[in-house]
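Here are my notes on the model you sent.

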Amino acid sequence: MNETLVCAVGNVATQPVYRELAAGPSARFRLAVTSRYWDREKNTWTDGHTNFFTVWANRQLATNAAASLSVGDPVVVQGRLKVRTETREGQQWTSADIDAVAIGHDLARGTAAFRRAGKPETAAPAPPRPEPDWETPAESPDTAVQQQSEPVAVT
């Protein structure tokens with residue numbers, strides 16, 4: 001199938017809207033992508049035109065996006081570009097949507113702390129496993145006394 005895959009780097013422009021649908025969770029938000037260029041006359045970086053995309057996420061991506069994203073967050077979105085034209089009240093409207101495959105914070109502009117999402121429970125939960133003992137075993141009093149009484153060479 002021929003699809004237009006895009007990778008857009010920009011900022012979250014609207015708070016994600018999350019909905020539980022019959023087909024599963026869905027979330028959408030607006031993404032602002034502003035081009036920047038070097039202005040030789042001003043000797044500085046200048047903002048160019050801003051494009052806005054509606055980003056759609058489904059299933060687990062929708063749940064995670066709604067829980068993780070806020071207005072102003074720098075993000076990278078990868079997905080299928082869909083440009084739609086329709087007529088509303090006699091006017092022609094064009095919208096550019098991205099059906100997201102992956103969404104992540106842009107680490108070139110900040111840091112993030114990743115937390116793995118819990119898997120949805122479909123079967124009986126596994127019995128709890130004991131926590132591994134990562135501590136070093138405590139020394140017995142006899143070993144500690146022996147170590148303290150051995151001479152140490154100083155050079």
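1. Asp 99 counts as buried because its relative accessibility is 16%. The cut-offs: buried means under 20% relative accessible area, exposed over 50%, and partly exposed in between, with a 1.4 Å probe and protein chains only. Asp 99 lies in strand β6. Leaving aside neighbours within four places in sequence, Asp 99 is in contact with Trp 56, Asn 58, Gly 79, Arg 80 and Lys 82. Contact here means heavy atoms within 4.5 Å.

2. A word on the basis. This is a predicted model, in which local features need pLDDT of at least 70 and side-chain atom pairs count only at pLDDT 80 or more, while totals for chains, interfaces and linings use all residues. Residues are numbered from 1 along each chain as its sequence is written, and side-chain values use heavy atoms, with hydrogens and water left out.

3. Which residue forms a salt bridge with Asp 99? The partner is Arg 80, with the closest N and O atoms 3.0 Å apart. This pair links distant parts of the chain: Asp 99 is in strand β6 and Arg 80 in strand β5, 19 residues apart. Arg 80 is partly exposed, at a relative accessible area of 24%. A salt bridge is a side-chain nitrogen of Lys or Arg within 4 Å of a carboxyl oxygen of Asp or Glu.

4. The whole structure holds seven salt bridges. In one of them, Arg 84 pairs with Asp 97, and the closest N and O atoms are 2.7 Å apart. Strand β5 supplies Arg 84 and strand β6 supplies Asp 97, so distant parts of the chain are linked, 13 residues apart. Arg 84 is partly exposed at 39% relative accessible area. Asp 97 counts as buried, at 9% relative accessibility.

5. Glu 86 forms a salt bridge with Arg 88, the closest N and O atoms being 2.9 Å apart. Glu 86 has a relative accessible area of 37%, so Glu 86 is partly exposed. Arg 88 is partly exposed too, at 42% relative accessibility. Salt bridges with shared partners also join Glu 3, Arg 80, Lys 82 and Asp 99 into one network.

6. How many aromatic pairs does a search of the whole structure find? The search finds one. The ring centres of Trp 38 and Trp 45 are 5.6 Å apart and the planes stand at 75°, so the pair is edge-to-face. Rings of Phe, Tyr and Trp (its six-membered ring) pair if their centres lie within 6.5 Å; planes under 30 degrees apart count as stacked, over 60 as edge-to-face and the rest as tilted. Trp 38 is partly exposed, at 41% relative accessibility.

7. Now the fold. The protein chain has two helices and six strands. From the N terminus on, the order is β-β-β-β-α-β-β-α. Helices (H or I, at least four residues) and strands (E, at least two) are DSSP runs, numbered from the N terminus. Of the 155 residues, 22% count as buried. Among contacts with a separation of 6 or more, 56% come from residues 24 or more positions apart.

8. The largest nonpolar core has 19 residues, and Phe 29, Leu 31, Val 55, Leu 69, Val 77 and Ile 103 touch the most other members. Two or more residues each come from β1 (5-12), β3 (24-39), β4 (44-58), α1 (59-68), β5 (74-88) and β6 (91-105). Such a core is a set of buried Ala, Val, Leu, Ile, Met, Phe, Trp, Tyr and Cys residues joined through side-chain atoms within 4.5 Å.

9. Val 77 is found in strand β5. Val 77 is buried, with a relative accessible area of 0%. Val 77 and Val 6 are 71 residues apart in sequence, yet 8.0 Å apart in space, C-alpha to C-alpha. Beyond four places in sequence, the contacts of Val 77 include Val 6, Phe 29, Val 55 and Ile 103.
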